[in-house]
Amino acid sequence: MSKRLQGVGGAPGIAIGQVVRLLDIPNQQIIDANPEAALTRFQHAQELVVTRLQRLAEQLRTEGRDDEAGILDAQSLLAEDISLTDEVQRRVRDEQEALEPAVSATITQMRDILAGLDDPYLRERAADIDHVGQMIKAALHGTLGIQREIPSDAVIVAADLTPAETAELRGGSVAGFATAVGGATGHTAILARSLGIPAIVGLGDALLDISDATDVILDGDTSTLVVEPAQHEIRIYEQRIADQNVRKQQRQSLRDQPGQLADGHAVALWANIGHPDDALVAREQGAEGVGLFRTEFLFLHRNEAPTEEEQYIAYCSVLETMEGRPVVVRTLDIGGDKPLPYLAMPTEPNPFLGVRGLRLCMNRPDLFTAQLRALLRAATHGDLWIMLPMVATPQDFSWATQQLTVVAEALQSEKIAHRADVPLGIMIETPAAAITADILAKDVSFFSIGSNDLTQYTMAADRGLAELVQQYPHDAPAVLRLIACAVEAGKQAGIPVGVCGELASEPEAAIILAGLGVDELSMTAVAIPEVKERLLAITRDEACRAAQRAVDRVDD
Ligand code: PEP
Ligand code: MG
């Protein structure tokens, strides 16, 4: 009888194939003649890892996959990180520790610091440290890289896979992969999603009991691994693969059609991006605009803030790719929960309630000014809108408008080409902004509802805690009522209202939002085709009724 294992996430798609187990890193310890010989071996291993990561990153870059290459670049910086090198040297030289345990202890120490942080994004980066550690340990034994021939229908099974291994496996066109550890937002899962490899992570230790050549079905859509499937299960999944292929083709045919309901009522479908290259994917998926460019990603993984010029180039690149379509650029949304290594910031007891988003920019007007200058200059190249995060009061907004005026005057007097009349809007992500949306709507050019933060602040439930997220979901009536309040205020003032939180990407929620009167939904680009298809199948009246039911819902 078949057995099922449940994972915690991965990448969509179904793979039917045979298990290929990747070899574990040998456990034995090499005895070095003296500490200096050990450290030379360590240095050599670091160089091997860096060279391999850079080679793979280069390969990805030549395919136009800059984002994926960036993950490997960041890991290559970690492999040579000065604090890693210094601590291993100290342990081997001063504490006379053997090399392998010294490397293991240092990696554990570094990962524990990250794993203890509040921010889920940074917590997941602890996995990057583990991956770098795994690669260095493999290199110490001369076993870096995939160590065996991989047949093409292979479902790779491993305790963990590094992003480098994931990138390497893709070249061999594997059917899919499954790992015992890992989280849905880890880099290995992110990479699998963008490379289009069906995958499941976090399947637990039971995965490692499965032997080589066992038949499996990997269902990345539900994160389920079916071990030794019965013939009828294989037939069901084969049929699902065939159905998915047909649906993919149908959705592809809708690509150039604008988002709308069955009766023609327009609901624009825009994309959320974190990097200029994501705009290409947005176009591929038929995005009618960019509804959220999370510019903080331009500021992460570096030693200093990007210059005005670097930002200008990044913004121009997105505008160019979008060819005249609207591009909503959110100003720096960092702070508290998402620290930047080069920004000295006090430790806060409640980082989500602290100096983040626009509040951080108020403390660092130099960063804000450089960003506004780059934005106003780039605005001459397309339809650029500026959006402010974490606005709670009209004073927050008027502070930002004053800065914008000063920046425009400076550019004017410096005779630098720019556009001063750029639409300036706000995210509605604090309950304060939603409740006073009628007041804010008088001054702003548009609203975009950040349902992720709006949910965590409304429900008083940390968005990074999985069990709370389930108990206090983003489509709870309390959140929907605040959204309705903002939409109504937007309509009264005649300004467009969008939603750019995750809520917009869920087809059922998209129907409710359309029924509430939202003009535009912005989501991860790959979600657009399915949302488009679902909206097309429903009338405005049906959407309004679904919205009413959702707003009035009493959960049992
Ligand atoms: C949100 O809060 O819904 C949002 C879109 O912003 P972020 O997820 O980047 O905080
Ligand atoms: Mg937010």
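Which residues does T331 touch, not counting residues up to four places away in sequence? In this predicted model, T331 touches T295, F368, Q371, L372, L375, I386, M387, L388 and P389. The briefing below begins with that residue and then turns to the barrel, the open sheet and a surface patch.

**T331 and its setting**
- T331 is located in the loop that lies between β11 (326-330) and α12 (358-363).
- The relative accessible area of T331 is 0%, and because buried means under 20%, T331 counts as buried.
- One of the residues that T331 touches is L388, and L388 also has a bridge partner in β13, namely I426.

**The barrel**
- A barrel is closed by 8 strands with parallel pairing, in the order β9-β10-β11-β12-β13-β14-β15-β16.
- Strand β9 (residues 268-273) runs parallel to strand β16 (residues 520-524), and 5 bridges join the two. Within this pair, A271 has M523 of β16 as its bridge partner.
- Helix α19 (residues 477-493) packs on the sheet and touches β13, β14 (447-449) and β15 (497-499). The direction of helix α19 makes about 165 degrees with that of β14.
- Strand β12 (residues 383-388) pairs with β13 in the parallel sense, over 3 bridges.
- Strand β13 (residues 424-428) is largely enclosed by the rest of the structure, because 5 of its 5 residues are buried.

**The open sheet**
- A separate heading is given to an open sheet of 8 strands, which has mixed pairing and the order β1-β8-β7-β3-β4-β5-β6-β2.
- The edges are held by β1 (3-6) and β2 (9-11); each has a single partner strand, so one side of each is left without a neighbour in the sheet.
- The twist of this sheet averages 25 degrees from one strand to the next.
- Strands β5 (residues 176-179) and β6 (residues 199-201) are paired in the parallel sense over 2 bridges, with A178 opposite I200 in β6.
- Helix α7 (residues 187-195) lies across β2, β5 and β6, and runs at about 30 degrees to β2.
- Helix α8 (residues 231-253) also packs on the sheet, where it touches β1, β3 (14-21), β7 (215-219) and β8 (224-227). The directions of helix α8 and β3 make an angle of about 125 degrees.

**Strand β7 and its partners**
- In β7, 4 of the 5 residues are buried, so the strand is largely enclosed by the rest of the structure.
- β3 and β7 run antiparallel and are joined by 5 bridges; Q18 has D215 in β7 as its bridge partner.
- β7 also pairs with β8 in the antiparallel sense, over 4 bridges, and I217 stands opposite V226 in β8.
- The hairpin of β7 and β8 has 4 residues between the strands, and in this hairpin S223 takes a positive phi near 55 degrees.
- Strands of a sheet pair through backbone hydrogen bonds, in either a parallel or an antiparallel sense.

**A nonpolar surface patch**
- L280, V281 and V526 form a nonpolar patch on the surface, and their accessible area together is about 250 Å².
- V281 is placed in helix α9 (residues 278-284).
- The relative accessibility of V281 is 34%, so this residue counts as partly exposed.

Methods. Residues numbered from 1 in each chain as written. Chains lettered and ligands numbered in written order. Predicted model: local features only at pLDDT ≥ 70, side-chain atom pairs only at ≥ 80, totals over all residues. Heavy atoms only, no water. Patch = residues over 30% accessible without salt bridge, like charges linked within 9 Å, V, L, I, M, F, W, Y side chains within 5 Å. Areas by Shrake-Rupley, 256 points an atom, 1.4 Å probe, with all protein chains shown as cover. Salt bridge = Lys/Arg side-chain N within 4 Å of Asp/Glu carboxyl O. Buried < 20%, exposed > 50% of the residue type's maximum accessible area, 1.4 Å probe, protein only. Pairing = 2+ DSSP bridges. Axes fitted to C-alpha atoms, helices over the stretch in contact; angles between N-to-C directions. Contact = heavy atoms within 4.5 Å.
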